[in-house]
Amino acid sequence: MVLTRQTIIHDGPGGPFESVAVVDDAAAGPMPGILLVPNVLGTKEADFLYAEKVAALGYAVLVADVFGQGKRTTREDPDAGRYMNELNADRALLRDRMLGAHALLKDMPAVDAARTAAIGFCFGGKCVLDLARAGADIAGGVSFHGVYEAPPFPNATITAKLLVCHGWEDPIAPPEATVGLAKELTEAGCDWQIHAYGHTGHAFTDESVHMPEKGLAYSADADRRSFRAMVNFLEELFD
């Protein structure tokens with residue numbers, strides 16, 4: 001196994017963008033492609049490391065930049081959510097950027113364009129749900145501690161299977177929002193499943209987060225369990 005990273009500068013609505021492909025160069029033949037969408041901070045080392053874990057399972061991964069080249073923030077930034085907020089205010093633009101990122105994934109030489117999926121964290125989980133809502137031809141999507149409200153316009157037909165990994169005590173996605181998502185997906189005829197982890201808040205896969213007083217904290221158990229759920233889900237999609 002020879003995992004490599006390649007930075008890809010690409011155009012798109014409001015671009016340019018700077019995404020990163022993570023691929024096993026020793027693998028033979030096109031592989032299923034996984035679009036990985038980061039949290040509120042944008043692409044960073046933690047995302048590339050997670051992408052390497054996924055690529056080691058036999059997938060070609062694209063860590064998608066949906067904010068734009070150079071548009072990154074840190075937790076210490078008093079306005080860390082400014083790029084996310086721009087897209088929250090324009091869900092059509094978010095949809096179009098996600099469709100563009102998915103098209104880029106399918107164009108990667110290492111990717112079997114007929115077999116793709118998407119995973120995302122926090123805001124990235126919202127992006128994955130919106131990609132499915134846009135009718136993208138992904139086989140499936142995984143949202144980790146995502147955000148669930150639907151866009152303010154009708155969805156396309158959802159063909160993707162969806163796995164939602166959710167902290168039951170997440171203040172950003174309280175129980176009524178989670179039930180609302182289940183109702184939305186059921187009415188859409190979607191093949192969906194929600195894995196809810198008790199005593200778990202937001203950002204449970206992020207080892208850098210420890211703000212339990214705000215309902216945001218890493219959980220080793222939920223991280224491990226959600227990763228295994230994702231592995232099983234992807235195997236079901238592509239094996």
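This is a predicted model: local features need pLDDT of at least 70, side-chain atom pairs count only at pLDDT 80 or more; totals for chains, interfaces and linings use all residues.
Residues are numbered from 1 along each chain as its sequence is written, and side-chain values use heavy atoms, with hydrogens and water left out.

Begin by selecting strand S3, residues 31-37; helices (H or I, at least four residues) and strands (E, at least two) are DSSP runs, numbered from the N terminus. In S3, 7 of its 7 residues are buried, where buried means under 20% relative accessible area, exposed over 50% and partly exposed in between, with a 1.4 Å probe and protein chains only. Then show strand S4, residues 60-63, which is joined to S3 in the parallel sense over 4 bridges, with Val63 as the bridge partner of Leu36. With helix H1, residues 45-55, placed between them in the unit, S3 and S4 make a right-handed β-α-β arrangement; right-handed means that, with the strands pointing away from the viewer, the path from the first strand over the helix to the second runs clockwise.

Select Leu35 next and display its surroundings. Leaving aside neighbours within four places in sequence, Leu35 is in contact (heavy atoms within 4.5 Å) with residues including Leu62, Met98, Leu105, Ile119 and Leu131. Leu35 is also one of the residues that touch the most other members of the largest nonpolar core, which has 43 residues; such a core is a set of buried Ala, Val, Leu, Ile, Met, Phe, Trp, Tyr and Cys residues joined through side-chain atoms within 4.5 Å. The largest share of this core, 6 residues, comes from helix H4, residues 123-133. Because 11 of the 11 residues of H4 are buried, this helix is largely enclosed by the rest of the structure.

Move on to Ser143 in strand S6, residues 140-144. Ser143 is buried, with a relative accessible area of 1%, and its contacts beyond four places in sequence include Gly125 and Leu129, together with Leu163, Val164 and Cys165. Strand S7, residues 161-167, has 6 of its 7 residues buried and runs parallel to S6, to which 5 bridges join it. On its way to strand S8, residues 192-197, S7 is likewise parallel, with 6 bridges, and Ile194 in S8 is the bridge partner of Val164. The chain crosses from S7 through helix H5, residues 175-187, to S8 in a right-handed β-α-β crossover.

Grid points are joined across faces, edges and corners, and a volume is the space filled by probe spheres set on the points. About 460 Å³ of space lies in the largest pocket, and of its 19 lining residues Ala46, Asp47, Thr205, Asp206 and Glu207 lie nearest its centre. For the largest cavity, select Pro38, Asn39, Gly42, Thr43, Ala64, Asp65, Val66 and Phe67, which line it.

Notes. Two strands pair if DSSP finds at least two bridges between them. On a 1 Å grid over the protein atoms alone, a cavity is a set of points where a 1.4 Å probe fits but cannot get out, and a pocket is an open set with protein on both sides within 12 Å along at least five of seven lines; lining residues have an atom within 4 Å of a point.
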